[in-house]
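Thanks for coming, everyone. Please bring the structure up on your screens, and we will walk through it together.

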2 protein chains.
Amino acid sequence: MQKQLKEYKKTLMELKRLEGISALLEWDQENQMPAKSIKSRSETSALIAKITHEKSTNKQFGDLINELYENSDKLDPVEKRSIEVTKKNYDKVVKLPTEFVEEFSKLRSLAQSAWVEAKAKENYLHFEPYLKKIIKFSRDYARYIDKKKPIYDVLLDDYEEGMTTTKLQEVFSDLKIELIELLSKIPTKENKKSLSSQVFDKDITRKFLLEMTKQIGFDYERGALGEVHHPFETSITEDDIRINVSYPEKYLAYSITAAIHEAGHGLYEQNVDKKYHETALGHGVSLGIHESQSRLLENMIGRSEAFWKFFLPKLKKYYPSLDKIKVEDVVGDLNRVTSSFIRTEADEVTYNMHIILRFELELLLLDEELSTKDLPEEWDKMMHELLGIKPKKISKGVLQDVHWSIGAVGYFPTYALGNLNAGQLWNKFISENKKWESEVAKGDFTSYFNWFKENIWRHGGYYKPRDLMIKATGEDLNAKYFVEYLNKKYLG
Amino acid sequence: MQKQLKEYKKTLMELKRLEGISALLEWDQENQMPAKSIKSRSETSALIAKITHEKSTNKQFGDLINELYENSDKLDPVEKRSIEVTKKNYDKVVKLPTEFVEEFSKLRSLAQSAWVEAKAKENYLHFEPYLKKIIKFSRDYARYIDKKKPIYDVLLDDYEEGMTTTKLQEVFSDLKIELIELLSKIPTKENKKSLSSQVFDKDITRKFLLEMTKQIGFDYERGALGEVHHPFETSITEDDIRINVSYPEKYLAYSITAAIHEAGHGLYEQNVDKKYHETALGHGVSLGIHESQSRLLENMIGRSEAFWKFFLPKLKKYYPSLDKIKVEDVVGDLNRVTSSFIRTEADEVTYNMHIILRFELELLLLDEELSTKDLPEEWDKMMHELLGIKPKKISKGVLQDVHWSIGAVGYFPTYALGNLNAGQLWNKFISENKKWESEVAKGDFTSYFNWFKENIWRHGGYYKPRDLMIKATGEDLNAKYFVEYLNKKYLG
């Protein structure tokens with residue numbers, strides 16, 4: 001099988017490099033590309049999508065995969081799992097016509113650019129025709145992959161292997177009840193605006209973010225910090241992991257929490273074991289696990305008193321004007337529970353309501369029970385039901401997230417799964433690392449880094465999400481840890 | 001022929017988009033990519049080179065080109081010339097084995113990265129093995145293309161269609177005599193260090209460069225300003241033209257003249273007529289013409305009194321510490337003729353000696369009369385002959401330029417051709433625009449912009465370099481205008 005294995009790896013690596021090019025094209029579109037180049041960029045992205053599709057559905061490659069899959073008992077466990085993952089992907093993409101892949105890619109580039117403009121102009125109608133097409137393409141996509149399965153289940157499977165709509169509905173319905181009860185008990189806190197008291201300078205903030213993320217363990221010899229409209233992490237290659245934030249000029253806390261969050265993703269990607277780099281297992285295993293790493297670092301650690309004991313004095317060196325701010329002011333502000341419009345700025349408790357809202361809207365849109373034209377009205381109505389507030393601007397409502405514009409429908413639920421996984425992993429981590437607070441307060445992230453590298457990061461895509469959670473925590477995903485964590489933190 | 005033409009255009013556009021990806025990968029390698037990602041980046045660049053090569057040498061595409069070429073009298077003149085250019089390129093690349101193209105691309109990425117490191121560490125031996133390979137690959141390349149032609153002629157033809165080594169030797173030998181005479185007559189001027197008197201801030205300088213290049217006419221809705229080790233301009237697509245400079249902290253004049261120079265290239269690329277975008281004629285026609293546009297803007301305009309009358313007050317707003325500097329100080333400094341080590345920092349007169357040096361060394365290396373091991377010694381000896389000085393550091397000698405590391409052997413002579421073309425075009429321009437100085441002194445670049453757009457930029461690759469010069473100036477390339485310009489400027 002060695003000859004076939006070598007041939008398979010060669011194509012696999014080429015596909016990885018093409019994936020990296022797509023990632024670079026998307027990253028550059030937000031980071032550096034001039035506005036008027038969007039048409040040529042969409043053509044370029046579509047071409048790479050087409051080439052990737054042709055290469056990954058190539059008959060010879062398919063035969064090779066099937067041959068290796070049938071003989072996978074003769075392979076070592078890593079190769080075996082790599083082949084499994086490749087076959088699963090092959091069986092999907094081979095069902096998609098090349099033209100569809102190319103057109104969808106073009107649409108995503110154009111839609112993303114239209115979204116940026118629509119958001120800036122507070123003009124939903126500028127984006128609506130693109131969203132309508134995105135929904136249609138998502139439906140078509142699901143139909144190509146599996147006509148028999150519910151559309152949402154097919155979309156979900158791309159992001160979280162094995163997850164279903166029914167399971168999600170169960171989890172979310174329980175979670176909603178718990179959260180509503182918790183929310184009714186949390187006392188209202190005064191808003192001190194500790195980190196939004198002035199106009200902040202992008203270049204200075206950037207220097208602080210570099211120092212902070214380096215201290216946590218992000219490796220800038222294999223990574224970079226970029227600027228984008230909507231924070232995200234992207235892997236150009238295994239040695240080129242880019243975390244990206246935005247710099248609203250009066251909202252320093254946003255840039256900081258975004259950098260911590262994206263560094264959580266980045267650490268996962270940077271610390272996958274090298275032995276997986278030339279396999280299909282070289283990335284974080286699923287979005288629900290990925291998001292647990294970003295949310296855990298952002299919320300459990302990045303919003304803790306220990307974290308700010310160490311980093312507030314550092315921040316004051318960059319911004320002497322913050323001299324009078326105390327650690328408890330920052331921690332208080334970063335953990336204020338209150339209904340708000342923007343998901344990425346929401347506290348840990350209400351955050352999940354934002355996910356439930358998008359999940360329910362996506363189901364309605366895909367089932368054609370809701371048209372994109374009526375979406376803003378439905379959004380506002382549902383937000384009022386869940387959080388008791390209604391956005392006054394469309395940029396604070398439907399247009400706030402980048403996801404739909406880049407075709408990521410079915411993606412949002414993984415954010416909530418991330419929270420649940422984070423709660424469970426955090427419970428296990430602190431039980432084994434009782435000194436984490438005194439360490440972090442000294443800027444020492446070694447225990448954190450080592451534990452997560454050992455239990456999560458290094459495994460890449462080798463274990464399935466469920467197996468990985470069981471291996472790391474001793475049990476299957478259980479929402480109770482997250483609810484317990486919230487109850488303990490907010491009700492004491 | 002309409003069906004064939006449509007099919008041809010489709011592949012041509014795909015090839016253009018792939019070219020744009022290669023340009024983006026190279027640009028990003030210098031601008032953003034983390035250091036340790038060089039191996040994966042070299043693999044990615046090599047893959048795109050391979051895909052491009054396969055697509056451009058595809059038998060079906062070749063048949064299509066030949067069919068269209070044979071019937072090109074039936075096509076409109078633009079399509080006809082596009083086919084000619086495509087056929088010339090096809091006839092070349094089809095002779096190159098895919099593996100050679102892939103390996104050469106990989107080598108270039110690695111060599112570029114090795115050059116950056118070697119230069120920083122003042123360690124020639126770190127770069128020498130790569131340079132040795134680059135010379136070998138260049139020789140092999142030339143042999144694949146045409147075994148009968150002199151190696152240097154084959155390499156030259158890629159950059160300047162129709163130029164030959166013999167012609168260059170004639171031109172350079174005459175030029176050398178003229179320059180040596182001129183140099184002996186130019187009086188020595190005091191070095192005032194008007195723009196190198198302090199440490200300058202990258203972010204502030206960048207803001208000035210943006211304002212300055214915008215004022216000249218560079219369009220940032222279709223372009224960007226990036227940061228690199230060695231200034232260059234690159235076209236990612238027809239709507240995404242990036243000019244790139246470096247920011248030595250004590251050497252403001254370098255960043256400014258580099259930005260003007262690269263903006264000259266950028267204006268050419270941005271103003272090619274749209275009708276050429278979907279043909280093979282969508283770029284500047286040759287490097288000799290391209291370089292005339294950057295050198296003319298940098299030297300004839302950017303180092304003029306008129307230019308600084310307008311821009312010095314602007315610059316002082318960014319750097320109030322320059323308050324006491326006068327226009328004549330800056331102009332004096334920017335036009336001081338003196339032997340120096342760095343080509344890109346050289347004055348207009350000695351600049352050409354740097355080119356002659358590289359040209360002669362390249363000939364020796366390619367003819368195997370000089371080994372890369374002995375190159376530094378030979379460099380120093382020749383520099384002493386031509387300019388009377390010897391570099392003390394290798395970063396100021398052999399390692400100063402990026403070109404050899406990126407495989408651009410045979411490229412340097414086009415810089416000198418650029419000067420000669422610039423002299424001739426400038427003579428024509430000022431004879432038709434006698435008020436240029438008073439206009440530029442008011443920040444009005446309209447006459448400049450319109451004349452060069454009309455006579456050079458808009459034509460893209462439609463006219464051959466020689467025909468374009470004749471069309472624009474009424475005569476074939478003639479070095480006398482450049483020599484006259486220098487004599488008038490420096491001897492009055």
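Let's start with one pair. B:Lys92 and B:Asp157 form a salt bridge, with their closest N and O atoms 3.1 Å apart. By salt bridge I mean a side-chain nitrogen of Lys or Arg within 4 Å of a carboxyl oxygen of Asp or Glu. B:Lys92 sits in helix 4 of chain B and B:Asp157 in helix 7 (residues 151–159) of chain B, so this pair ties together parts that are 65 residues apart in sequence. Helices here are DSSP runs of H or I with at least four residues, strands are runs of E with at least two, and both are numbered from the N terminus. Both B:Lys92 and B:Asp157 are buried. Buried means under 20% relative accessible area, exposed means over 50%, and partly exposed is in between (1.4 Å probe, protein chains only).

Some ground rules. This is a predicted model: local features need pLDDT of at least 70, side-chain atom pairs count only at pLDDT 80 or more, and totals for chains, interfaces and linings use all residues. Residues are numbered from 1 along each chain as its sequence is written, chains are lettered from A and ligands numbered from 1 in the order in which they are written, and side-chain values use heavy atoms, leaving out hydrogens and water.

Back to helix 4. Which residue does B:Lys9 pair with in a salt bridge? The partner is B:Glu79, at 3.0 Å between the closest N and O atoms. B:Lys9 lies in helix 1 (residues 2–31) of chain B and B:Glu79 in helix 4 (residues 77–93) of chain B, so parts 70 residues apart in sequence are tied together. B:Lys9 is partly exposed, at 26% relative accessibility. B:Glu79 is buried, at 8%.

Now a pair within one helix. B:Glu432 and B:Lys428 meet in a salt bridge, 3.7 Å from N to O. They are four residues apart in helix 16 (residues 413–432) of chain B, so about one helical turn separates them. The general rule: an α-helix has 3.6 residues a turn, so residues three or four places apart point the same way. B:Glu432 is partly exposed at 45%, and B:Lys428 is partly exposed at 26%.

Chain A has a network. Salt bridges with shared partners join A:Lys88, A:Lys92, A:Asp157, A:Asp158 and A:Glu161. Over all chains, the search finds 77 salt bridges.

Next, the interface. How many residues does each chain bring to the contact? Chain A gives 37 and chain B gives 37, where contact means heavy atoms within 4.5 Å. Together the chains bury about 3,000 Å², with 55% of it on carbon and sulfur atoms. That area is the accessible area (1.4 Å probe) that two parts lose on being put together, summed over both. Between chain A and chain B there are 10 salt bridges. One joins A:Glu43 to B:Arg17, with the closest N and O atoms 2.8 Å apart. Several elements of chain A give two or more residues to this side, including helix 2 (38–56) and strand 1 (223–227). Helix 1 of chain A gives the largest share, 11 residues.
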